[in-house]
Amino acid sequence: MKKEDKTALISELQNKLGEYSHFYLTNIEGLDAEKTSELRRACFKADIKLIMAKNTLLKKALEAKGIDAAIFDALKGNTALMLCNTGNAPAKLIKEILKKEKNNPDARPQLKAAFVEETVYVGAQNLEFLSTIKSKNELIAEIVALLQSPAKNVVSALQSGGNTIHGVLKTLGERAE
């Protein structure tokens, strides 16, 4: 491959990495055409971009983006890049696929590493944790809901108390006549 072609591919990988806030490095080696197509369809439905990349080109793109060097150890063998904007979507997808293949110890895809919420996770042992991780938007929504809950309780207590006081005053006013 010519140097210009490699430079163009590295630039394209950098652009893809810039478009998405999270990525997973997976091993899909050994998947036949049917299972690869199923994986691509599942990724499409989950709004995940699946890209095959050469490890050396991917490493150069990651270096240019300033990604932590700890992830470079995972760039061995066959590597597929899963890009997404929801941090836990690829982990849930991988977990779901592996659940279907629970009797096969060599089931694919296998998690090699992940870059989620600006943190690097290396190794398949992190799959369970990554599937439960919440995005920043989900955490913000939970915090807002928690903050609104006491305010709603106070407002509702004041409104019900106001109605009660109004009812008592009305009864007393009618009684005095």
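1. The crossing of H1 and H3 is right-handed in this predicted model. For orientation, H1 covers residues 3–19 and H3 covers residues 55–65; their axes come within 9 Å and cross at roughly 55°. That angle makes H1 oblique to H3.

2. Who makes the contact? On the H1 side you'll find Lys 6, Leu 9, Ile 10, Leu 13, Gln 14, Leu 17 and Gly 18. H3 answers with Leu 57, Leu 58, Lys 60, Ala 61, Leu 62, Ala 64 and Lys 65. Sorted by type, the residues of this H1–H3 contact come out as nine nonpolar, two polar and three charged.

3. On to the rings: the count comes to two aromatic pairs. Take Phe 23 and Phe 115, with ring centres 5.4 Å apart and planes at 20°. Planes under 30 degrees apart count as stacked, so this pair of Phe 23 and Phe 115 is stacked.

4. That pair also links distant parts of the chain: Phe 23 sits in strand S1 (residues 22–27) and Phe 115 in strand S4 (residues 110–116), 92 residues apart. Phe 23 is buried, at 4% relative accessible area, and Phe 115 is buried as well, at 15%.

5. Then there's the aromatic pair of Tyr 121 and Phe 129, which is tilted, with 5.7 Å centre to centre and 50° between the planes. Are its members buried or partly exposed? Tyr 121 is buried, with a relative accessible area of 14%, whereas Phe 129, at 43% relative accessibility, counts as partly exposed.

Notes
Residues are numbered from 1 along each chain as its sequence is written. This is a predicted model: local features need pLDDT of at least 70, side-chain atom pairs count only at pLDDT 80 or more; totals for chains, interfaces and linings use all residues. Side-chain values use heavy atoms; hydrogens and water are left out. Axes are lines fitted to C-alpha atoms, for helices over the stretch in contact, and angles run from 0 to 180 degrees between N-to-C directions. Helices (H or I, at least four residues) and strands (E, at least two) are DSSP runs, numbered from the N terminus. Angles under 35 degrees count as roughly parallel, over 145 as roughly antiparallel, 65 to 115 as roughly perpendicular and the rest as oblique. A crossing is left-handed if the near helix is turned anticlockwise from the far one by less than a right angle, and right-handed if clockwise. Contact means heavy atoms within 4.5 Å. Ala, Val, Leu, Ile, Met, Phe, Trp, Tyr, Cys and Pro count as nonpolar, Asp, Glu, Lys and Arg as charged, and the others, Gly among them, as polar. Rings of Phe, Tyr and Trp (its six-membered ring) pair if their centres lie within 6.5 Å; planes under 30 degrees apart count as stacked, over 60 as edge-to-face and the rest as tilted. Buried means under 20% relative accessible area, exposed over 50%, partly exposed in between (1.4 Å probe, protein chains only).
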